Every structure is written in C-alpha cells, then in structure tokens.
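Student: I would like to learn how to read the features of a model like this one. Could you walk me through it?

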Amino acid sequence: MEVVEHVIIGGEEWCAFPGLHIPAIKARVDSGAKTSTIHASNIHKFNKKGEKWVSFEVYPIQETRRIIIRCKAKIIDYRNIKSSSGISEKRYVIQSTLKIGNYQWSIELTLANRDSMGFRMLLGREAMENRVFVDPANSFLLGDYSAEKISELYQHVKDIRSGLRIGVLASNPDLYSNKRIIEAGEERGHEMIFLNVQQCYMKLDAPNPEVRYRGGRSLNNLDVVIPRLRPNLTFYGCALMRQFDSLGIFCANSWEAISRSRDKLFASQLFSQNGIQIPITGFAKSTLDTSDLINMVNGAPLIIKLLEGTQGKGVVLAENAKAAESVINAFKSLNANILVQEFIKEAAGKDIRCFVIDGKVVASIQREAAKGEFRSNLHQGGTATVIKITTEEKKLAVKAAKVLGLQIAGVDIIRSNKGPLVLEVNSSPGLEGIELATGKDIAGMMIAAIEKQLGWQQNLEIKASVLETE
Ligand code: ADP
C-alpha cells in the first residue's frame with residue numbers, strides 16, 4: 001500500500017470501494033462532518049456464524065436509480081448521528097477500503113437510510129485525518145470520470161434488480177425455522193417480512209382485492225409468500241394464501257397443496273391412487289364394524305391416528321385387538337376423526353425425513369425414537385442422524401410431494417419388509433433437526449428455489465463481490 005500523506009483532494013472526489021464492488025461513487029468532502037456516510041436503502045441486519053452483518057443497496061450514481069449495487073458487510077459498531085435538523089438516528093457502522101485515485105486506506109462508514117438524489121456519499125473528517133488535506137475550492141484533483149467512463153465501469157450491473165419482497169406467513173417469529181428463512185432471504189438480498197397469520201386481513205372485492213396487515217399496511221406489493229402454517233390455522237391460512245394467489249403473488253406452496261397435505265385421509269387416498277405405497281390404512285365412520293376394521297388392516301398390534309394430530313401427539317399404538325377396539329370406540333364417542341393403520345414393527349422406532357425442494361431430495365435424516373417409544377418425532381424425544389437413502393426412497397419422496405403438489409415438503413418414509421412406505425407429507429417441514437444434523441443451508445436452498453421459479457437472478461459479478469467482502 002502506498003503511504004498516503006500530504007495528498008491534496010478537492011471538495012468533491014470520485015471514490016471507489018473495491019470490497020463492496022463499488023467502482024465509482026462521487027463523494028462530497030466535508031471536514032465539518034466527523035463520520036463518513038454512504039446512502040443506502042433496503043438495509044437489513046442478519047446473523048452470520050454468530051456475527052452481526054448488514055446487507056444494503058447503494059445507488060452509486062447521482063440522479064439515477066438504474067444502477068444498484070447490493071452489498072454485505074460486517075457491522076463493527078452502531079453510532080448515533082445527529083442530522084442538520086437536530087434529530088438523532090442510530091446507524092450501522094461498517095469498515096471498508098476506500099480508494100481515491102491511486103491511494104487507498106481503510107475507513108469507517110455509517111449507513112444512512114436516506115433517499116437522496118444528490119451526493120450518495122460524504123467523506124468526513126475521521127477518514128481524512130493525518131492522510132489528506134482538502135482544497136475545497138477545487139474538485140476531482142485525483143481524477144474525473146466522463147459519463148462514458150461511468151457507463152463502462154457499471155456496464156456489468158445495468159440489469160441488476162433489487163431483492164424480492166418476501167412475506168413469511170407464520171405464527172412465531174422466534175421459531176428456529178422462521179428465523180432461518182428470514183436470515184437466508186436477507187443474506188441473499190431480499191426484503192423479508194414476518195407476517196403473523198392472525199394479523200392479516202383481506203378485502204374481497206372484484207376490482208380491488210387486497211390483503212392488509214396490522215395497522216393497515218397493504219401486502220399487495222409482495223413478490224412472494226412463504227407459508228409456514230400451524231395446523232390449527234390451516235383454514236384461515238389457506239384462505240389468505242388463496243387471496244395472495246389471486247393477487248398474482250407467488251406462493252412457495254399453493255393453498256391447494258397445503259390443504260391436501262393437511263387432510264391425512266385425502267392425502268392417503270391420493271397416494272394409493274397414484275401407486276405410492278403406504279402402510280395399510282382403514283377408516284370408518286361408525287363403530288358397528290370396528291372389529292372387522294381391525295382385521296382389515298391385518299389385526300393388532302396396530303396404530304391409531306387422530307386425523308388432526310401432528311408431531312406424533314395423536315398417534316397411539318394398540319398392542320392387542322381388545323385394546324385397539326376400546327381406543328377406537330373411545331375416540332369415536334368423542335367424535336374424533338381417526339384412521340387405523342398396520343403397525344410397521346420392523347421399522348423399530350425409526351423413520352426417515354426427506355426434505356424435498358422443487359422435485360429433489362436436498363437432505364435426509366433418520367429419526368430414531370427414544371427408548372420405550374415407537375414414535376420417532378423429534379418432539380417426542382427422538383434423535384436425528386444423517387442417512388444416505390436409496391434411489392427408490394428418493395423417488396418415492398419426490399413422487400409423494402409431487403402428487404400433493406408441494407414445492408417444499410418434508411416427506412416421512414418408514415422402512416418396512418415390503419419396501420419403503422410413505423407415512424406422511426408435511427407442507428411446513430421444520431428446519432432445525434435437519435439443518436443441525438446435516439449442516440446444510442436448507443433455508444438458503446428454499447430461497448434459491450423461489451428465485452429460480454421467478455427467474456430472479458443475482459448478477460454474477462455481484463456474487464463475486466459478495467465473496468470478496470466475506
Ligand atoms: P405425526 O403427523 O403426528 O407426526 P405420524 O403419522 O408421522 O404422525 O406418526 C408419528 C410417528 O409414529 C412416526 O414418525 C413413526 O415413527 C411412528 N409411526 C407412525 N405410523 C406408524 C406405523 N404405521 N408403524 C410404525 N410406526 C409408525
């Protein structure tokens with residue numbers, strides 16, 4: 001690096017930030033200001049391997065929004081900055097190498113969330129101390145750029161669009177899966193908005209349908225909705241998804257597919273119609289033929305499942321025919337919808353969760369029930385390990401998701417003497433168990449699949465710059 005001393009710069013200079021992939025940005029040099037500032041928009045904080053990072057967009061050229069650079073940098077500090085109007089605001093501080101002419105050194109920059117059409121950057125005192133002298137009466141002492149040169153410098157980013165606006169329709173923002181989806185979207189430059197299902201409301205009106213959020217904010221301008229619906233909110237959540245769909249907003253899973261997967265009986269019927277093997281299953285309304293229903297699924301021991309159950313809560317193992325009959329009749333007397341199923345004993349409390357995205361199994365884990373338990377659900381104390389699944393199992397998982405129409409699915413498979421059987425398909429599969437066991441960035445893969453479906457592409461040059469700053 002050159003020794004930067006006794007350099008004289010003007011009141012305006014062209015700066016560059018190679019690490020942020022900004023080849024040219026005109027700065028006003030202002031020794032009256034202490035800190036240096038870059039104007040940014042779409043500023044989002046995210047966590048990266050335990051560190052706090054920020055992603056933001058810069059329009060480096062004055063008077064135009066045609067060129068956008070998306071940047072990522074580690075947050076090194078927060079600073080209270082008082083504006084000329086006396087209002088103080090908290091800003092992120094990042095560090096980057098500044099280049100003016102042939103000189104370069106590292107400076108601190110605050111990110112101002114202001115939409116200014118004028119100077120997009122201000123070079124303050126701190127960045128210049130002991131390095132440069134300012135001759136405010138002159139400009140561009142270290143080099144000027146023609147409009148042609150600027151155009152050439154930004155040739156590669158002309159078609160860059162800013163990130164997508166993605167709503168995560170869920171209930172709990174602190175859930176691992178929801179946090180990870182938001183983090184992964186922000187990391188890829190999208191605006192991620194957490195939407196509490198119960199705080200969305202809609203207007204049904206032929207010319208002007210709408211979805212609004214708590215306080216009246218319209219959600220019609222979303223590009224994408226990722227549904228993460230709790231089972232008890234399926235009805236309202238699917239109604240919202242229908243509305244988003246009718247507004248032309250891309251749904252990561254369709255409401256039809258979600259409803260199909262939430263109805264265990266309907267899903268099982270679709271599986272058997274499409275040649276997807278499941279454990280032999282019986283269903284009846286009346287209790288008159290309970291004993292024959294039991295025979296039909298090859299007798300006890302057998303599994304009884306509440307149709308509305310999840311996380312293994314509504315799943316019972318009846319050891320003998322007598323027990324099976326009394327449990328079935330007890331559930332019936334409570335008007336509960338149940339199905340009965342042959343017990344796959346040889347699975348020995350193990351099942352396989354395949355995470356399917358866009359017709360591909362992207363990760364799979366084996367879940368093993370706790371001692372003395374037959375249900376392998378992680379919520380029932382089961383443990384997860386990485387497992388390599390067979391081609392047959394992969395095909396089965398992909399087909400099960402496809403039959404229901406799910407782009408994103410968690411397919412549960414059980415290994416039986418007859419071969420692999422589908423147990424269940426989940427439309428909002430959890431990420432915690434599978435990401436932690438496999439170390440894979442499943443949330444990132446979900447976002448990438450959505451980008452692909454929408455034909456949204458991050459410019460390759462920008463990706464390269466992002467790597468540089470990491
Ligand atoms: P839930 O939707 O509540 O998770 P599942 O149908 O997936 O219900 O069942 C929960 C767990 O019980 C499964 O992960 C599996 O370990 C076990 N299980 C379910 N059905 C059977 C079966 N027919 N035979 C053996 N074990 C089963």
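Student: Is Leu 404 buried or exposed?

Tutor: The general idea comes first: buried means under 20% relative accessible area, exposed over 50%, and partly exposed in between, with a 1.4 Å probe and protein chains only. Leu 404 has 0% relative accessibility, so this residue counts as buried. Leu 404 belongs to helix H9 (residues 391-404); helices (H or I, at least four residues) and strands (E, at least two) are DSSP runs, numbered from the N terminus. Between the C-alpha atoms of Leu 404 and Leu 153 there are 49 Å, and these residues are 251 residues apart along the chain.

Student: What should I keep in mind about the source of the values?

Tutor: This is a predicted model, in which local features need pLDDT of at least 70 and side-chain atom pairs count only at pLDDT 80 or more, while totals for chains, interfaces and linings use all residues. Residues are numbered from 1 along each chain as its sequence is written, and side-chain values use heavy atoms, with hydrogens and water left out.

Student: How many aromatic pairs does the structure hold?

Tutor: A pair of aromatic rings is described by the distance of the centres and the angle of the planes. Rings of Phe, Tyr and Trp (its six-membered ring) pair if their centres lie within 6.5 Å; planes under 30 degrees apart count as stacked, over 60 as edge-to-face and the rest as tilted. Here there are five aromatic pairs. In one of them, the ring centres of Trp 14 and Phe 140 are 6.4 Å apart and the planes are at 25°, so this pair is stacked.

Student: Which parts of the chain does that pair link?

Tutor: Distant ones: Trp 14 is in strand E2 (residues 12-17), and Phe 140 is in the loop between strand E12 (132-135) and helix H2 (147-153), 126 residues apart. Trp 14 is buried at 11% relative accessibility, and Phe 140 is buried too, at 17%. Together with Tyr 145, Trp 14 and Phe 140 form one aromatic cluster.

Student: Why is the pair of Phe 343 and Phe 374 edge-to-face?

Tutor: The planes of Phe 343 and Phe 374 are at 85°, with the ring centres 6.2 Å apart, so the pair is edge-to-face. Phe 343 lies in the loop between strand E23 (338-342) and strand E24 (350-357), and Phe 374 in the loop between strand E25 (360-368) and strand E26 (383-386), so the pair ties together parts that are 31 residues apart in sequence. Phe 343 is partly exposed at 22% relative accessible area, and Phe 374 is partly exposed at 24%.

Student: Which residue lies over the face of Tyr 78?

Tutor: A charge sits over a ring if NZ of Lys or CZ of Arg is within 6 Å of the ring centre and within 35 degrees of the ring normal. Lys 90 lies over the face of Tyr 78, 5.4 Å from the ring centre. Likewise, Lys 332 lies over the face of Phe 283, at 5.9 Å from the ring centre.

Student: How many residues surround the ligand?

Tutor: A residue is near a molecule or strand if one of its heavy atoms lies within 4 Å of it. The ligand is surrounded by 20 residues, and the closest are Lys 305, Gly 312, Asp 351, Asn 377 and Glu 424.

Student: What lies 2.9 Å from an oxygen atom of the ligand?

Tutor: That is an N or O atom in the side chain of Ser 376. Elsewhere, a polar backbone atom of Ile 344 is 2.9 Å from a nitrogen atom of the ligand, and a polar side-chain atom of Lys 264 lies 3.1 Å from a ligand oxygen atom. Taken alone, the ligand exposes 540 Å², and the protein buries 97% of that; accessible areas come from the Shrake-Rupley method with a 1.4 Å probe, and for residues only the protein chains shown count as cover.

Student: Where is Ser 376 found?

Tutor: Ser 376 is in the loop between E25 and E26, and is buried with a relative accessible area of 5%. Ser 376 and Asp 351 are 25 residues apart in sequence, and their C-alpha atoms are 6.5 Å apart in space.

Student: And the backbone: which residues does a cis peptide bond join?

Tutor: Most residues other than glycine have a negative phi, and most peptide bonds are trans. A cis peptide bond joins Ala 300 and Pro 301, with omega about -5°. Asn 130 has a positive phi, near 60°, and is exposed at 74% relative accessible area.

Notes:
Polar contact = N/O pair within 3.5 Å; in protein donor to acceptor, adjacent residues only side chain to side chain.
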